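Hi,

Here is the structure I said I would pass on. Have a look at it first, and then read my notes below.

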Amino acid sequence: MRCGIFILASLRAALTRAMTTTCAKTSTASAFTALAERKRSFLDAATADTAANAWTVAVGNSAGDLDSLASALAVAHVRGGVAVARFNAGDLALRKDCALALEAAGAASDAIVFADDLSPDVVATRSGAALALTDHNRLDWPVLGENVVSVVDHHRDERAHLDAADREVDDAAGSASSLVAERMFEAGEPDADVAALLLAALAVDCRGFDPAERGKKFSPRDVAAAHALLDAMGSRVDADRSEDALRSRTLPRAFDGATTLPAVAKVLFAARHDTSGLDASQLLDLDYKQASAAGLQIGAASILATYGDFEERAGGAEGLYAAMRAKAADRGVDVLVAMSQVDKATGLRGLGYVAAPDAKAGAADAFAAVERGLEAAPASLPEDLRTASLFVQQDIVGAGFGVAF
């Protein structure tokens with residue numbers, strides 16, 4: 001395993017008017033109860049007489065973070081479909097911020113279709129469903145086919161699925177949940193419980209709307225969406241739609257005692273980074289994404305621990321090497337990369353990567369190319385990354401990654 005240590009150096013007027021006057025929808029059954037009922041029908045092979053493409057399946061990204069879960073559930077609510085999480089039901093407990101937010105919003109896990117719910121029979125009968133991608137903009141998990149009809153995301157645009165009926169990628173937005181919230185209001189479906197879950201995702205992604213993060217982690221669009229979600233939850237409608245007013249507004253329901261967005265962000269971040277009791281393998285699963293490049297399948301794990309802690313939980317360097325090789329094989333990737341959190345004692349992050357036992361030819365060459373590219377940045381950055389908002393905000397386009405191998 002090679003390791004390196006480095007330092008990572010106008011909303012539409014009509015929509016704004018609608019969002020400032022929206023009230024929560026009242027109904028006899030909650031949106032999450034309806035989602036749970038649709039999940040049962042979706043998973044019932046006996047209902048296979050329903051055409052697969054009659055189902056809308058909202059799918060978040062492979063990391064399965066709070067923004068992905070919240071936005072997928074909201075899209076499924078608006079479109080009358082189901083929401084799929086790309087991890088097994090038992091792994092929800094690893095995502096402590098997600099579990100806390102779901103509980104506070106009144107959403108039980110039975111409203112979510114998990115990866116291990118998708119039996120071969122379900123896949124066979126539901127393949128071809130209308131897929132609505134949230135929090136990513138290129139289909140990289142074609143378990144239920146490739147019929148992408150909607151893309152709503154806030155990451156760098158990969159220019160895929162350009163013919164989708166509803167396609168919006170705004171990398172200036174802090175959260176996919178902001179874009180989904182707009183669609184919920186436009187559809188006239190502002191359920192208070194769904195609004196609470198979306199707001200929790202905004203609180204995390206937008207860093208509690210900390211003024212220091214303006215233009216980096218949130219935009220005016222996120223501020224407008226958060227105000228509207230608070231209105232939909234039943235908070236007293238405030239004519240002042242500013243950032244300052246947003247930070248001081250009181251939520252009508254508490255998230256583990258927190259009743260303002262900065263406080264909610266703090267509580268959820270603490271839950272997210274609570275990795276007590278997790279081993280190295282579970283840390284690799286906690287925030288994982290996958291992509292393809294140069295004919296290779298690449299897995300990337302963001303480790304919510306320092307590199308030293310990560311290695312210790314694996315029983316040392318050799319144990320970590322074995323754990324990462326096993327995870328690469330389990331995930332079916334050729335290369336697995338793991339990046340740790342900053343070690344406050346040194347100000348540095350750690351990066352480890354391995355080839356799977358049965359990796360395709362070229363994996364070793366890919367390692368060498370990645371090392372050269374990281375060290376040579378910013379000169380080595382392709383044009384699309386030079387203009388990516390995150391790379392600009394973090395001055396990677398000017399200072400590079402500061403990597404030394």
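Let me start with the second largest cavity, which has a volume of about 30 Å³. A cavity here is a set of points on a 1 Å grid over the protein atoms alone, where a 1.4 Å probe fits but cannot get out, and lining residues have an atom within 4 Å of a point. Grid points are joined across faces, edges and corners, and the volume is the space filled by probe spheres set on the points.

Before going further: this is a predicted model, so local features need pLDDT of at least 70 and side-chain atom pairs count only at pLDDT 80 or more, while totals for chains, interfaces and linings use all residues. Residues are numbered from 1 along each chain as its sequence is written, and side-chain values use heavy atoms, with hydrogens and water left out.

Back to that second cavity: its lining is made up of Gly60, Asn61, Gly64, Ser68, Leu69, Ala72, Val84, Ala85 and Arg86. Two elements, α3 and β3 (82–85), each give two or more residues to this lining, and α3 gives the most, with three. Helices (H or I, at least four residues) and strands (E, at least two) are DSSP runs, numbered from the N terminus. By class, the lining has four nonpolar, four polar and one charged residues. Nonpolar covers Ala, Val, Leu, Ile, Met, Phe, Trp, Tyr, Cys and Pro, charged covers Asp, Glu, Lys and Arg, and the others, Gly among them, are polar.

The largest cavity has a volume of about 40 Å³. Around it you'll find Val59, Leu131, Leu133, Leu139, Trp141, Val143, Leu144 and Gly145, which divide into seven nonpolar, one polar and no charged.

Helix α3 also turns up in a helix pair: Leu66, Leu69 and Leu73 in α3 meet Asp97, Cys98, Ala101 and Leu102 in α4, contact meaning heavy atoms within 4.5 Å. Those residues split into six nonpolar, no polar and one charged.

Two single residues are worth a click. Ser150, in strand β6 (residues 148–153), is buried, with a relative accessible area of 2%; buried means under 20% (1.4 Å probe, protein chains only). Leaving aside neighbours within four places in sequence, Ser150 is in contact with Arg79, Leu131, Ala132, Leu133, Ala164 and Asp166.

The other is Thr275, in the loop between α10 (261–272) and α11 (280–286). Thr275 is buried too, with a relative accessible area of 5%. Beyond its neighbours within four places in sequence, Thr275 is in contact with Leu283, Leu286, Leu304 and Arg313.

Cheers

Terms used. On a 1 Å grid over the protein atoms alone, a cavity is a set of points where a 1.4 Å probe fits but cannot get out, and a pocket is an open set with protein on both sides within 12 Å along at least five of seven lines; lining residues have an atom within 4 Å of a point. Buried means under 20% relative accessible area, exposed over 50%, partly exposed in between (1.4 Å probe, protein chains only).
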